[in-house]
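Here's a quick briefing to read with the model open beside you. It goes from the overall fold down to single side chains.

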Amino acid sequence: MDGLDNIKNCDVAFINKSKKDYIVIKKLFECSCAVQNEGLACFSEENVNYLKSNSKRQILSFDSDPPGVKSSLNITKLYGFEYCNVPRPYLSDGI
């Protein structure tokens with residue numbers, strides 16, 4: 001995880017799908033980090049324990065396309081994270 005050191009004593013840890021998303025979100029929200037892809041392999045037991053012990057809530061932000069939503073649902077269910085995806089209707093607008 002990139003930026004994991006930003007997650008310390010946070011109310012909310014914002015977990016982004018990519019370095020690009022992380023760079024943008026970090027300008028607005030200091031307690032953020034990024035994974036390398038939308039796969040489960042990015043969430044080692046050590047990383048999940050770190051996130052949970054250093055934040056009250058964990059919010060996952062992946063893409064709103066079908067693979068991103070599927071991964072979001074699987075990971076949030078498995079680890080008890082919340083998720084924040086761009087609303088699907090915006091996909092048809094090219095956002």
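What follows is a short tour, grouped by topic.

This is a predicted model, where local features need pLDDT of at least 70, side-chain atom pairs count only at pLDDT 80 or more, and totals for chains, interfaces and linings use all residues. Residues are numbered from 1 along each chain as its sequence is written, and side-chain values use heavy atoms, with hydrogens and water left out.

**Overall fold**

- The protein chain has three helices and four strands; helices (H or I, at least four residues) and strands (E, at least two) are DSSP runs, numbered from the N terminus.
- Going along the sequence, you'll see the pattern β-α-β-α-β-α-β.
- The radius of gyration, taken over C-alpha atoms, is 13 Å, which agrees with the value near 12 Å that a compact globule of 95 residues would have (the globule rule is 2.2 Å times the number of residues to the power 0.38).
- Along the principal axes, the C-alpha atoms fill a box of roughly 40 × 30 × 20 Å.
- Of the 95 residues, 42% count as buried; buried means under 20% relative accessible area, exposed over 50%, and partly exposed in between, with a 1.4 Å probe and protein chains only.
- The accessible surface is about 5800 Å², and carbon and sulfur atoms own 54% of that (Shrake-Rupley method, 1.4 Å probe; for residues, only the protein chains shown count as cover).
- Take the contacts (heavy atoms within 4.5 Å) between residues at least 6 apart in sequence: 55% of them join residues at least 24 apart.

**Cysteines**

- There's one disulfide in the structure, a disulfide being a pair of cysteine sulfur atoms within 2.5 Å.
- Cys10 and Cys31 make that link, with an S to S distance of 2.2 Å.
- Cys10 sits in strand E1 (residues 10-16) and Cys31 in the loop between helix H1 (19-28) and strand E2 (32-34), so the pair ties together parts that are 21 residues apart in sequence.
- The Cys10–Cys31 link is left-handed, with -80° about the S-S bond.
- Both ends are buried: Cys10 has a relative accessible area of 4%, and Cys31 has 18%.
- Why is Cys42 too far for a bond? Its closest cysteine sulfur, in Cys33, is 10 Å away.
- Cys42 is buried, at 16% relative accessibility.
- Cys84 is in no disulfide either, as the nearest cysteine sulfur, that of Cys33, lies 14 Å away.
- Cys84 is partly exposed, with a relative accessible area of 38%.

**Salt bridges**

- The count comes to six salt bridges, each with a side-chain nitrogen of Lys or Arg within 4 Å of a carboxyl oxygen of Asp or Glu.
- One of them pairs Asp63 with Lys17, with the closest N and O atoms 3.1 Å apart.
- That pair links distant parts of the chain: Asp63 is in the loop between E3 and helix H3 (66-79), Lys17 is in the loop between E1 and H1, and the two are 46 residues apart.
- Asp63 is partly exposed, at 28% relative accessibility.
- Arg57 pairs with Glu82, the closest N and O atoms being 2.7 Å apart.
- Arg57 is partly exposed at 38% relative accessible area, and Glu82 is partly exposed at 34%.
- Lys26 bridges to Glu30, with the closest N and O atoms 2.9 Å apart.
- Lys26 is partly exposed, at 25% relative accessible area, and Glu30 is partly exposed at 47%.

- Gln58 is in strand E3 (residues 55-61).
- Is Gln58 buried or exposed? Gln58 is buried, with a relative accessible area of 5%.
- Its side chain makes a polar contact with the side chain of Ser55, at 3.0 Å; a polar contact is a pair of N or O atoms within 3.5 Å, where within protein one must be able to donate a hydrogen and the other to accept it, and residues adjacent in sequence count only if both atoms are side-chain atoms.
- Leaving out residues up to four places away in sequence, Gln58 touches Ala13, Ile15, Leu51, Lys52, Phe81 and Glu82.
- Lys77 belongs to helix H3 and is exposed, with a relative accessible area of 76%.
- C-alpha to C-alpha, Lys77 is 20 Å from Met1 in space, and the two are 76 residues apart in sequence.
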